[in-house]
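User: Please take me through this structure one feature at a time, giving the general idea before each case.

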Amino acid sequence: MVGARGTGCAGAAAGARPGKRPQEPEPASEEPSLLWARAPSLGDGSDSGLSDSEESVFSGLEDSGSGSSEDSTEGQDGASGDEGHRRTGKTAEQQAVSTPSSPPRTEAVAGAQDEYVEDSSDEEDVRNTVGNVPLQWYDDFPHVGYDLDGRRIYKPVRTRDELDQFLDKMDDPDYWRTVQDRMTGHDVRLTDEQVALVQRLQRGQFGDASFDPYEPAVDFFSGDLMIHPVTNRPADKRSFIPSLVEKEKVSRMVHAIKMGWIQPRRPRDPAPSFYDLWAQEDPNAVLGRHKMHVPAPKLALPGHAESYNPPPEYLPSEEESLAWEQQEPSERKLNFLPRKFPSLRAVPAYGRFIHERFERCLDLYLCPRQRKMRVNVDPEDLIPKLPRPRDLQPFPTCQALVYRGHSDLVRCLSVSPGGQWLASGSDDGSVRLWEVATARCMRTVPVGGVVKSVSWNPNPTICLVAVAVEDTVLLLNPALGDRLVVGSTDQLLGTFTPPEEPALQPARWLEASEEERQGGLRLRICHGKPVTQVTWHGRGDYMAVVLATQGHTQVLIHQLSRRRSQSPFRRSHGQVQRVAFHPVRPFLLVASQRSVRLYHLLRQELTKKLMPNCKWVSSMAVHPAGDNLICGSYDSKLVWFDLDLSTKPYRVLRHHKKALRAVAFHPRYPLFASGSDDGSVIVCHGMVYNDLLQNPLLVPVKVLRGHKLTRDLGVLDVAFHPTQPWVFSSGADGTVRLFS
């Protein structure tokens, strides 16, 4: 191996130094083929006659300098390398002369005594050792792979244009049999055997020329009787012993026949059954049961003109007969000319009898008959004229932020009046306060139970959050934002002086302990029943609470400044689902399962009763102007009410596929959104005009998706940003998402 390496390095050095005689190129007849080419290794002395540095220069790239350390070592072995090279060349010449029919090789044998130094198998060129790797990975690199020692195999420089290729094609007689090796990038000339193989494959023949596909087939099993069997395997035991399983099956079938469970097949009646296809069908007949079946029209009864002795007025004159013959067959009133015969015996056969019977049969079984309700309406008038969604911008179009932190489904959320903070309540027993712009969780307040509702006080001068947990409403001071507002909120709550004689109230107001105050809790309003919803009045002093109980105490109204609670109703009108304060007028809207009632708080009377025509109302929202209302239901409906128009729905939208969980209006923009269990939030444009004669414009503009379905639940709550066209959604996957 040392002599082989020295020979290769000496040859490379001789080719690089000026003044030295270069090696003579091999003749063209000894050019290697693909079938006999071997994988040259770095230790082989005939590695294309080039060193690593020369190969890099030949490929047009700079040498990396990796082979500089070996130059000195290889130079010391120059003498032994020259001797080994001469001996190797002599051995190769003798072998070529002795075996002229053997395929030529491009590499010299390293040593005659060491025949296992390298692999000499007649396989294809495996010099590139990148393995089963797509060569497209090397498209942007100057090399095409690596050899056995890990050195790069550089791509040959291809600076020839199409004109040079055309000249090569004209000058080189072997251009048609030259292909490019994808593994190394070099051009390879196909041998005659390889060309013949390709031609056979193109003609659809076998690759092996000596293979005969039509040689006679020899059957293994002949038709002659043989003395000895083909196999002498002993017979199975089951072949001569009755099966117990089959015996049990037969006994079961016999028992079923005795019990009458299995009845013998009844013999079929060989007489064919016919029915009159054109008879008058009754509703119980076979054809009468079809909804769109129309019976065949009856033939017209013959008249006086068809008589063999018609009256004289039915007999045509010569002019009428001539005019009848000149008319088209489709324009004639009668298909025949009336004639008069002395007796019925003198009437000849009707010439058009077979033709008319044939047309009658065609009319019966080829002409379709069905009822068609034709309405003369222009189809363009049925399509409503709606504006394009891009003309109704701005509205949220894509997901901007994801608020992660809750470990269970997020039931409710609420945005601060300034739009800087976001509060969310989850089933993991905590309330998280987020910064809207960065999705950073500022505070986590454990409340020790499932949070059913969260509502931020709409008054910007009060920093207070109401949280409904089990049978308690917690009033939290999140201590976020302006410190003056936070301090004024605590001062407002601390100025209350309890009366000397406390009045009887449906709820108890309790002060928070010192530890709870450090966690942000200020007041605790205890009820006897679980609380399902809490909502604030627009001014921030009153809040309404919905209790999961029966009776007239389902709705309670609390006053924060005086710490008073009252039940506004004397009797119940069903299970209350949602309540909301009117944004402008002193009205309270109460939604039960099947209706929405509007109460006047000052007059203490029922003003309106709205019928949404839904099975179960789930959510409700009031327009900022106060004249319109939307309700969501569990039967996938969104109902729009115009309070000044009617008590029935103005529009029913069925865009969702599953139950609606929440609906919301934007306080500034003409937008409203709905969240459903199908995991989507649908944003609609709802423009309410000041002109009372113009109806509201409702156009769905965007479907927002992002929440994953968990426990067959999707979006549980939606809320709009107070100033921007953004919408927040909370889902059962434990995330809160912002769409902008």
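Analyst: We can begin with burial: Arg-177 has a relative accessibility of 10% and therefore counts as buried, where buried means under 20% relative accessible area, exposed over 50% and partly exposed in between (1.4 Å probe, protein chains only). The model is a predicted one, in which local features need pLDDT of at least 70 and side-chain atom pairs count only at pLDDT 80 or more, whereas totals for chains, interfaces and linings use all residues. Residues are numbered from 1 along each chain as its sequence is written, and side-chain values use heavy atoms, with hydrogens and water left out.

User: With which residue does Arg-177 form a salt bridge?

Analyst: Side chains of opposite charge can pair when their charged atoms come close. Here the partner of Arg-177 is Asp-192, with the closest N and O atoms 2.7 Å apart; the term requires a side-chain nitrogen of Lys or Arg within 4 Å of a carboxyl oxygen of Asp or Glu. This pair links distant parts of the chain, 15 residues apart, since Asp-192 is in helix H6 (residues 192-202) and Arg-177 in the loop between H5 and S3; helices (H or I, at least four residues) and strands (E, at least two) are DSSP runs numbered from the N terminus. Asp-192, at 52% relative accessibility, counts as exposed.

User: How many salt bridges does the rule give, and which residue does Asp-174 meet in one?

Analyst: The count comes to 16 salt bridges. Among them, Asp-174 meets Arg-189 at 3.0 Å, N to O. Asp-174 lies in the loop between helix H5 (162-171) and strand S3 (178-180) and Arg-189 in strand S4 (residues 187-189), so that distant parts of the chain, 15 residues apart, are linked. Asp-174 is partly exposed at 25%, and Arg-189 is partly exposed at 24%.

User: Which parts of the chain do Arg-563 and Glu-511 tie together?

Analyst: The side chains of Arg-563 and Glu-511 meet in a salt bridge of 2.4 Å, N to O. Because Arg-563 lies in the loop between strand S17 (555-559) and strand S18 (564-566), and Glu-511 in strand S13 (residues 508-511), the pair ties together parts that are 52 residues apart in sequence. Arg-563 is buried at 10% relative accessibility, while Glu-511 is partly exposed at 48%.

User: How should I read the aromatic pairs, and how many does a search of the whole structure find?

Analyst: A pair of aromatic rings is described by the distance of the centres and the angle of the planes. The search finds eight such pairs. One of them joins Trp-616 and Tyr-634, which are edge-to-face at 6.2 Å centre to centre with 70° between the planes; rings of Phe, Tyr and Trp (its six-membered ring) pair if their centres lie within 6.5 Å, and planes under 30 degrees apart count as stacked, over 60 as edge-to-face and the rest as tilted. Trp-616 is in the loop between S22 and S23 and Tyr-634 in the loop between S24 and S25, so the pair ties together parts 18 residues apart in sequence.
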